[in-house]
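Hello,

I am passing this structure on to you. Please look through it first; my notes follow below.

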Amino acid sequence: MSWNNFKQNYFQFDNLQFAIDVSRVGFPGDYFCKSEGMLRKAFADMESLEKGAIANPDENRMVGHYWLRAPQLAPTQELRDEIAKTTDDIEKFAAKVHSGEIAGSAGKFKNLLCIGIGGSALGPQFVASALGNPATDKLKVYFLDNTDPDGFDIVFSELRGKLGETLCVVTSKSGSTPEPRNAMVETEAQYAGAGLDFAKHAVAVTGAGSQLDCTARERGFLARFPMWDWVGGRTSEMAAVGLLPAALQGLDIRSMLAGAAAMDVQTRSRELLQNPSAVLALSWYFLTAGRGEKDMVILPYKDRLLLFARYLQQLIMESLGKEKDLRGNIVSQGISVYGNKGSTDQHAYVQQLREGVPNFFATFIEVLRDRAGDSVEVASGATAGDFLEGFLLGTREALSEKKRASITLTIDEISPASVGELIALFERAVGFYASFIGINAYHQPGVEAGKKAAAGILKLQARILEFLEQNPAESFTADAISKNLGLENDTELVFKLCQHLACCPSKKVTRERKTPSYSSTFTSKK
């Protein structure tokens with residue numbers, strides 16, 4: 001790693017307090033020049049998208065998450081006004097909650113329960129963790145982001161006796177997505193059990209006219225905020241999805257928006273070396289051969305960025321993981337993403353990264369400022385933060401020694417602005433890379449297929465339960481149930497579902513265990 005190579009591949013953006021170092025990617029000297037045609041197309045595609053072109057042809061929708069931090073760029077005055085008004089309304093609502101003007105049945109709200117899934121949870125969770133501080137947060141934040149009853153119980157146990165001072169934000173574009181719907185039903189039951197009106201403690205973030213929107217209006221929720229069809233869940237952190245929880249927590253949403261907007265301005269540059277998102281996307285393309293041949297390992301050296309890898313997993317993998325390109329050809333694209341944090345990683349999987357299968361590239365995230373105040377020395381002349389920086393640089397060197405490629409992103413500090421910058425940086429890099437490989441980054445047919453399959457399995461479970469209840473006290477193997485229901489091709493599913501039913505007391509199904517286990521019998525006790 002020569003000094004000259006570093007100087008040629010290190011790009012500092014002082015206006016953003018941000019830098020990107022691709023000196024350890026291993027580009028050949030003429031790589032950037034050879035990429036000019038691909039870049040021109042990507043820049044043109046992005047400009048068209050930002051002007052309101054139909055960028056998601058499957059759903060005939062615009063893609064406008066960039067307008068969220070620059071409403072003046074939206075293609076119509078109506079959209080510009082609606083975006084600006086929503087942000088203003090969020091701030092006004094949060095201020096009323098913080099002052100106690102809007103309160104719960106037990107008085108001023110002290111807790112915030114966010115109910116959502118996917119982009120309606122990952123972004124808010126990341127931002128809450130990255131920017132929150134228990135000593136200064138206006139509300140203590142909790143999340144229900146799955147349909148796991150045990151997970152519900154853990155959160156509900158923490159809120160026992162506190163529901164009257166807990167504000168619930170339910171986020172679902174349609175209102176019918178199973179995970180947030182189920183979590184809301186369970187939460188409603190908790191409020192009812194405490195003799196409280198859930199609606200008087202609830203806010204909806206949803207699409208206009210959706211099932212949830214109608215419910216919120218009819219039942220008198222405290223407020224409703226919009227989810228627009230031109231903003232995908234994984235790019236919705238700068239919409240009400242992310243801004244409302246952040247504002248209620250007491251975070252500076254205007255600074256986060258300003259940071260994202262500043263990065264957007266920089267990444268609109270058509271000069272490659274002035275465009276960090278283009279540099280990042282080209283690095284991905286080179287390192288994965290444009291085919292996802294290597295995984296992306298996110299290594300942020302800061303506890304506050306622990307959840308960034310989870311956030312990026314959805315942003316990158318849901319956007320780029322596609323079977324077909326825009327022409328309908330089978331291409332099976334994508335980049336796998338995983339990560340934790342430094343220096344924890346050094347005691348986890350860095351051993352394999354350095355000496356094992358070379359099927360990855362690393363993305364280090366360096367934060368220059370240790371903390372707001374002074375630090376004590378933990379060794380002669382060195383603080384804990386000095387050790388953290390040493391571990392980052394040392395790990396990077398150790399990987400380079402074994403010819404493991406890496407990218408390093410550097411920010412001065414963790415702040416609302418820098419978090420906004422990081423989100424915007426990766427959002428546009430994903431858009432550029434999608435253009436390079438010719439896929440639609442803004443739909444998710446695989447997710448929809450999974451939802452449809454799950455619905456079919458729930459119907460199958462209902463049939464099994466009905467059959468057992470119609471034959472009380474009789475015992476049946478999975479084979480026998482399948483034959484009776486004409487489901488011989490689905491016997492494995494029948495067996496798995498019967499196992500589940502037998503472990504849930506409310507279903508009143510018992511299992512007599514036998515060897516081999518698939519010959520066990522199941523009986524309804526209703």
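Predicted model: local features only at pLDDT ≥ 70, side-chain atom pairs only at ≥ 80, totals over all residues.

Residues are numbered from 1 along each chain as its sequence is written, and side-chain values use heavy atoms, with hydrogens and water left out.

Helix α6 covers residues 149-158, and its buried residues are Phe 152, Val 155 and Phe 156. (Helices, H or I of at least four residues, and strands, E of at least two, are DSSP runs numbered from the N terminus; buried means under 20% relative accessible area, exposed over 50%, partly exposed in between, with a 1.4 Å probe and protein chains only.) Viewed down the axis of α6, these buried residues fall within an arc of 100°, so they line one face of the helix. The arc is that of the directions from the helix axis to the C-beta atoms. The buried residues of α6 pack against β5, β6 (140-144) and α7, where contact means heavy atoms within 4.5 Å.

**Strand β7**

In β7 (residues 166-171), six of six residues are buried. Thr 166, Cys 168 and Val 170 lie on one side, and Leu 167, Val 169 and Thr 171 on the other.

Strand β5 (residues 111-115) pairs with β7 in the parallel sense over five bridges; two strands pair if DSSP finds at least two bridges between them. Strand β8 (residues 202-206) also runs parallel to β7, joined by four bridges. Val 169 of β7 stands opposite Cys 114 and opposite Val 203 in β8.

**The β16-β18-β17 sheet**

Three strands form an open antiparallel sheet in the order β16-β18-β17. The edges are β16 (476-477) and β17 (509-512); each has a single partner strand, so one side of each is left without a neighbour in the sheet. Four antiparallel bridges pair β17 with β18 (residues 521-524), and Val 509 stands opposite Ser 524 in β18.

Regards
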